[in-house]
Amino acid sequence: MHEWLSEQLARRRAADLYRTRRELGSPQQPNVTVDGRPALAFCANDYLGLANHPEVKRAFIQAAERYGVGSGASHLVCGHSHEHHALEQELAAFTGRARALIFSTGYMANVGVINALVEKGDAVFEDKLNHASLLDGGLSSGAKFQRFLHNDVAQLAQKLRASEQAKKLVVVDGVFSMDGDLAPLDELASLCARERAWLMVDDAHGLGVLGNNGGGCAEVFNLNEQQLPVLMGTFGKAFGTFGAFVAGSEELIETLIQLTRTYIYTTALPPAVAAATRASLKLIQTEPWRREKLQALIAEFRTGAQALGLQLMNSHTPIQPIVVGSAATVMSWSEQLMQRGLWVGAIRPPTVAPGSARLRVTLSAEHSSAQVQQLLSALADIQSQTGDHS
Ligand SMILES: *Cc1c(COP(=O)(O)O)cnc(C)c1O
């Protein structure tokens with residue numbers, strides 16, 4: 001065994017694909033302590049700056065005082081607390097759906113929901129760039145698994161028409177997590193209606209961030225429960241907490257409670273996490289300035305990066321990747337940024353396609369314009385030193 005493990009690790013290292021962790025010694029915020037040193041971070045998914053918000057923390061602490069820490073059991077046994085229940089009702093109202101159901105993580109929600117909805121004899125259609133949890137859900141469901149080219153509605157239409165299976169589920173990310181672009185949900189919803197396919201959208205990166213009310217992709221494309229019957233979201237991104245949910249009809253949620261193994265056979269989130277998430281949801285609804293500021297920072301970053309000739313993607317979300325090419329190049333950029341006190345995520349294959357390794361710059365409403373300029377100057381500096389104009 002030892003030999004096999006060492007060989008695996010050596011192979012990854014040689015290909016510049018070795019993954020390591022850095023140690024965070026502060027809350028998730030722009031100014032962090034990483035590996036014992038201060039740095040300015042542009043890598044978290046805490047887009048609205050709620051992970052360390054005083055009201056979110058207060059709700060968490062107060063609920064821990066009242067309910068303790070552990071939920072003690074799964075939702076169906078005796079772990080479904082008042083805080084979970086109230087959060088589900090507030091999420092249903094927020095998304096304009098009849099019901100919502102909380103899951104312990106987004107990964108589990110995606111795997112579980114797809115497995116509950118389709119099985120052998122059905123068909124599932126997924127965008128090539130879908131999040132790993134959606135792909136894993138589709139692959140493990142036993143349904144005929146078909147991928148279509150990224151955002152290629154025409155190709156999906158062909159595949160749907162050619163499909164012999166009676167039950168068809170189409171699954172996409174609302175905002176693609178490594179590219180930052182949106183799925184064409186208006187076209188997808190019409191196509192699914194025409195072809196009698198069911199549509200599921202994972203809006204992990206859109207909820208809280210997009211739409212005037214933070215309602216995410218469903219709000220941007222104005223899609224109701226009929227047009228977008230399975231809406232999934234997570235709390236680990238813009239909500240700044242932890243966990244996930246699925247929203248939809250009364251029948252959908254009741255069915256998921258009966259069938260979803262990743263819901264039934266796992267411990268409920270700590271009630272204090274649900275309470276903190278309720279506080280986040282309130283801030284998402286009452287502080288639109290966070291979204292407005294974020295949009296201004298995104299525009300400022302894009303203008304500056306384009307002036308440097310950096311290769312941006314078609315993204316107007318807080319996910320602003322800079323494609324540099326090889327895994328070795330992205331590691332060198334990320335290392336040089338770190339030497340200048342800037343922490344930006346380096347994304348390599350297999351998370352993205354070979355040759356499209358990228359710096360994944362993410363912005364937060366807690367960043368300042370001066371901090372964005374600091375990042376841009378560091379990028380310009382590295383570019384001039386390396387003569388690398390990728
Ligand atoms: C983060 C993420 C998930 C997983 O959610 P967790 O709660 O972190 O497990 C699922 N889908 C997408 C698109 C994500 O970005």
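In the predicted model, Phe235, Phe239 and Phe245 are joined into a cluster by ring pairs. Phe235 has a relative accessible area of 0% and is buried. Phe239 is likewise buried, at 0% relative accessibility.

The count of aromatic pairs in the model is three. One of them is formed by Phe103 and Tyr263, whose ring centres are separated by 5.5 Å and whose planes are at 65°, so this pair is edge-to-face. Phe103 belongs to strand β3 (residues 99–103) and Tyr263 to helix α11 (residues 261–264); the contact therefore ties together parts that lie 160 residues apart in sequence. Both Phe103 and Tyr263 are buried.

An aromatic ring also takes part in a contact with a charged group. The charged end of Arg13 is placed over the ring of Tyr18, at 4.1 Å from the ring centre.

Trp4 is located in helix α1 (residues 2–14). With a relative accessible area of 53%, Trp4 is classed as exposed, because the cut-off for this class is over 50%. Phe235, by contrast, is buried at 0%.

Technical notes:
Residues numbered from 1 in each chain as written. Predicted model: local features only at pLDDT ≥ 70, side-chain atom pairs only at ≥ 80, totals over all residues. Heavy atoms only, no water. Phe/Tyr/Trp six-rings, centres within 6.5 Å; stacked < 30°, edge-to-face > 60°. Helix = DSSP H or I, 4+ residues; strand = E, 2+ residues; numbered from the N terminus. Buried < 20%, exposed > 50% of the residue type's maximum accessible area, 1.4 Å probe, protein only. Lys NZ or Arg CZ within 6 Å of the ring centre and 35° of its normal.
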